[in-house]
Amino acid sequence: MTAVVVTEATRPSEGGPVGEPKFRSDGIGLRVGAAVVWLSLIVLAPLAAIAWQATGGGWQAFRLAVTSHAALESFRVTLTISAGVTVVNLVFGLLIAWVLVRDDFPGKRFVDVIIDLPFALPTIVASLVMLALYGPASPVHLHLQHTAWGVGLALAFVTLPFVVRAVQPVLLEIDRDVEEAAASLGASGVTILRTVVLPSLLPALLTGAGLAFSRAIGEFGSVVLIGGAVPGKTEVSSQWIRTLIENDDRTGAAAISIVLLGISFLVLLALRAVGARVTRRQERSA
């Protein structure tokens, strides 16, 4: 009979098979607690405060604030322009990400840095830039001040990076062998893009679209000068909120803010759910 010597190296641990390190939970509670506290202070507490202020006058006051003619017009302008800008940025954001990942050209690094400029640039500066380029003294002879097109260009400027930066890393990880195999079988470039590339990019595109749309419906600084807050034409909801605050109607301003927050949350939630479903379907078919 052979004797078996059990040593510290061969003895099974409580954390798993032999040789596998035991899972340590030291400090997890502290880290989770710190994260929850910080999230509560920065996000949850302000949201709770504005929700409390919005309902301070009762449900009737909330309903009147969000269904007034001026509020509904601001919602219409905001959602219409934001949706259009999001669709445009989906197309051109994908194109720019594709060029930055798949093509080599002089100045590529410079272009890659420029994409992040709207993140760092104060939004009021963006409005000044738009006013200088498309205002009454436009050097390109294109006057877009106080027009929906001017508001759309300003929103496109500040939201484009969300789509590009969401798509770019996923595009980098796509296996080129599948595309080459499809091309060798006679598939055209459009067919490869539609059947191979876009399905892999869809979750990232949806994420970028959700972030861009949510940013657009809450944007203020970049549209304040080029838009001019013309009621029913260029006055977005954020500008209507400012008007309510200037008129000392903080409850109404909070009510409009809650509606915008709710729309952003629902859009992000829906797009994340669709993206997760697409990802699971791709994993099952792989």
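Before you click on anything, one term: a residue is buried if its relative accessible area is under 20%, exposed if over 50%, and partly exposed in between, using a 1.4 Å probe and protein chains only. What you have open is a predicted model, where local features need pLDDT of at least 70 and side-chain atom pairs count only at pLDDT 80 or more, while totals for chains, interfaces and linings use all residues. Residues are numbered from 1 along each chain as its sequence is written, and side-chain values use heavy atoms, with hydrogens and water left out.

**Stop 1: the annotated span.** Select residues 75–271. An unreviewed UniProt entry labels them "domain: ABC transmembrane type-1"; such annotations may be inferred rather than shown by experiment, and positions follow the numbering used here, with feature names shortened. This span is 77% helix and 0% strand, and its end C-alpha atoms lie 21 Å apart. Helices (H or I, at least four residues) and strands (E, at least two) are DSSP runs, numbered from the N terminus.

**Stop 2: the cores.** Now show Val164, Val167, Leu171, Val197 and Leu201. Within the largest nonpolar core, which has 19 residues, these five touch the most other members. Helix 3 (69–102), helix 7 (148–173) and helix 9 (189–217) each give two or more residues to this core. A nonpolar core here is a set of buried Ala, Val, Leu, Ile, Met, Phe, Trp, Tyr and Cys residues joined through side-chain atoms within 4.5 Å.

Zoom in on Leu201. Leaving aside residues up to four places away in sequence, Leu201 touches Leu94, Val167, Val170, Leu171 and Ile174, where contact means heavy atoms within 4.5 Å. Apart from this core lies another, of 14 residues, including Ala54, Ala65, Ile241 and Leu244.

**Stop 3: the aromatic pairs.** Rings of Phe, Tyr and Trp (its six-membered ring) pair if their centres lie within 6.5 Å; planes under 30 degrees apart count as stacked, over 60 as edge-to-face and the rest as tilted. How many aromatic pairs does this rule give? The count is two.

Pick Trp59 and Phe62: their ring centres are 5.6 Å apart and their planes at 20°, so they are stacked. Both sit in helix 2 (residues 58–67), three residues apart, which is about one helical turn. Trp59 is exposed at 60% relative accessible area, whereas Phe62 is buried at 13%.

Then go to Phe119 and Phe162, an edge-to-face pair with 5.1 Å between centres and 80° between planes. Phe119 belongs to helix 5 (residues 117–120) and Phe162 to helix 7, so this pair ties together parts 43 residues apart in sequence. Buried or partly exposed: which is Phe162? Phe162 is buried, at 18% relative accessibility, while Phe119 is partly exposed at 41%.
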